Amino acid sequence: MLRRIKLATLNLMKAAGVFELVANSEWRRHRLLILCYHGISLDDEHLWRPFLYMNAGQLATRLDALNNMGCSVLPLGEALTRLQSWDLPPRSVAITFDDGTYDFYKQAYPLLKQHNLPVTVYQTTYYSDHAMPVFNLMCSYLLWKRRDKQVIDAREFGLSESMEVRTEAGRHRIVRGLIDLSDREKLNGKQKNEIARRLAEILGIDYSMLVARRILQLMNEQELAEVVANGVDVQLHTHRHRTPDVEQSFRQEITDNRERIRAMTGKEASHFCYPSGVYRKQFIGWLEKEQITSATTCDAGLARRNDNQYLLPRLVDTTGRSQLELDSWLCGVGDLLSFHRAAPQRYVLSKDRPE
Ligand SMILES: [Zn+2]
């Protein structure tokens with residue numbers, strides 16, 4: 001109901017010329033919209049996680065919208081410098097992708113290239129060195145694919161004999177159980193991949209086919225080197241996609257991530273993005289010590305000159321967001337009307353430990 005009212009209001013505002021007015025205002029001129037994307041489906045991932053994925057056709061429509069609204073799409077570093085010096089062009093936008101998945105390489109990168117748009121990829125690096133799917137995501141995806149099944153016998157994973165697969169909550173319980181099992185047994189990436197393979201077998205899914213298609217995998221060294229050679233900006237997202245509460249471990253994640261990016265691309269990374277959008281107050285001092293230039297969250301908003309450079313808001317754009325809503329953010333109206341800025345973190349399974 002609330003959403004219907006919101007969309008009706010946006011429609012009215014657009015028809016009355018408010019979008020255009022705000023888009024051309026001085027107010028919008030001094031603000032930067034940082035867009036955040038995750039995955040672009042290789043198959044049906046946007047149906048599995050509509051708040052994480054979109055399909056390639058939808059991304060193409062989004063990129064056209066940037067053009068139609070006369071947005072100035074800038075490289076992230078330049079946009080942040082110009083935000084500070086009060087020198088942004090009209091309707092400034094920076095495009096970022098989280099994680100650096102293979103589907104970025106296969107689906108998003110060709111479209112961005114075709115539209116001649118700069119992009120920053122926040123690359124998590126553990127799975128770039130290991131050609132296998134991200135464990136927790138793959139387990140969740142496999143179970144979703146068999147959501148028509150009633151229950152599975154999960155005793156061999158230390159879970160109960162009849163685990164519910166039909167509901168989101170039931171599937172979540174199984175994934176949680178598998179993550180806890182791999183934590184408890186201190187399993188490495190290879191061993192966890194074997195669990196995912198066995199789960200697929202129980203569910204009657206051809207795992208080797210999913211692996212061969214690179215579903216839920218990250219870009220490898222060659223793919224990363226190729227996109228960087230073609231102008232893609234690769235920045236920090238921690239090595240193992242996690243932000244430990246202990247300073248030394250947190251900073252080690254940055255160091256490992258930075259070293260892997262340097263080794264794979266020859267570039268020095270200094271911009272950071274919080275994995276799953278999760279941040280805590282103490283992280284800011286640790287990022288400062290690591291001489292990080294900026295850090296972005298998943299909280300909705302336009303970035304302003306006086307914002308804390310380690311808490312820059314971004315707009316997460318997925319299948320779950322309508323084109324009208326995105327347009328409202330491109331022109332700035334979305335920021336004026338936004339009451340719930342903090343990211344819902346609904347797709348987070350934050351205890352995942354891939355190593
Ligand atoms: Zn991420």
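The model is predicted. The zinc ion takes its protein donors from Asp99, His237 and His241. Two helix pairs are described by their geometry and contacts: α8 with α9, and α12 with α13.

**Zinc site**

- The protein donor atoms are OD of Asp99, NE2 of His237 and NE2 of His241, at 2.0 to 2.2 Å from the zinc ion.
- Along the sequence, the donor residues follow the spacing D-x137-H-x3-H.
- Asp99 belongs to strand β5 (residues 92-99), while His241 sits in the loop between β9 (233-236) and α13 (247-265); the pair therefore ties together parts that are 142 residues apart in sequence.
- Asp99 counts as buried because its relative accessibility is 16%, a value under the 20% limit for that class.
- His241 is partly exposed, its relative accessible area being 27%.
- Although Asp99 is not a glycine, its phi is positive, at about 85°.
- His241, likewise a residue other than glycine, has a positive phi near 55°.

**Contact of α8 with α9**

- Helix α8 (residues 135-145) packs against helix α9 (residues 168-184) at an angle of about 145°, and the two axes are 10 Å apart.
- This crossing of α8 and α9 is right-handed.
- On the α8 side, the contact involves Phe135, Asn136, Cys139, Ser140, Leu143 and Trp144; on the α9 side, it involves Arg171, Ile174, Val175, Leu178, Ile179 and Ser182.
- By residue class, the contact of α8 with α9 comprises eight nonpolar, three polar and one charged.

**Contact of α12 with α13**

- Helix α12 (residues 221-229) and α13 have axes 9 Å apart and pack at an angle of about 75°.
- Helix α12 is therefore roughly perpendicular to α13, since angles of 65 to 115 degrees fall in that class.
- Glu221, Leu224, Ala225 and Val228 of α12 make the contact with Arg260, Ala263, Met264 and Thr265 of α13.
- The residues of the contact of α12 with α13 divide into five nonpolar, one polar and two charged.

- Leu112 is located in helix α7 (residues 102-114).
- Leaving aside residues up to four places away in sequence, Leu112 touches Leu63, Ile95, Phe97, Phe104, Leu117 and Val119.
- Between Leu112 and Val134 the separation is 22 residues in sequence and 25 Å in space, taken from C-alpha to C-alpha.

- Leu236 lies in strand β9.
- Leu236 and Asn136 are 100 residues apart in sequence, and their C-alpha atoms are 21 Å apart in space.
- Asn136 is also one of the α8 residues that meet α9.

Key
Residues numbered from 1 in each chain as written. Predicted model: local features only at pLDDT ≥ 70, side-chain atom pairs only at ≥ 80, totals over all residues. Heavy atoms only, no water. Donors = N, O, S within 2.8 Å, 3.2 Å for Na, K, Ca; no water. Helix = DSSP H or I, 4+ residues; strand = E, 2+ residues; numbered from the N terminus. Buried < 20%, exposed > 50% of the residue type's maximum accessible area, 1.4 Å probe, protein only. Axes fitted to C-alpha atoms, helices over the stretch in contact; angles between N-to-C directions. Left-handed = near helix turned anticlockwise from the far one by under 90°. Contact = heavy atoms within 4.5 Å. Nonpolar A, V, L, I, M, F, W, Y, C, P; charged D, E, K, R; others polar. Parallel < 35°, antiparallel > 145°, perpendicular 65-115°, else oblique.
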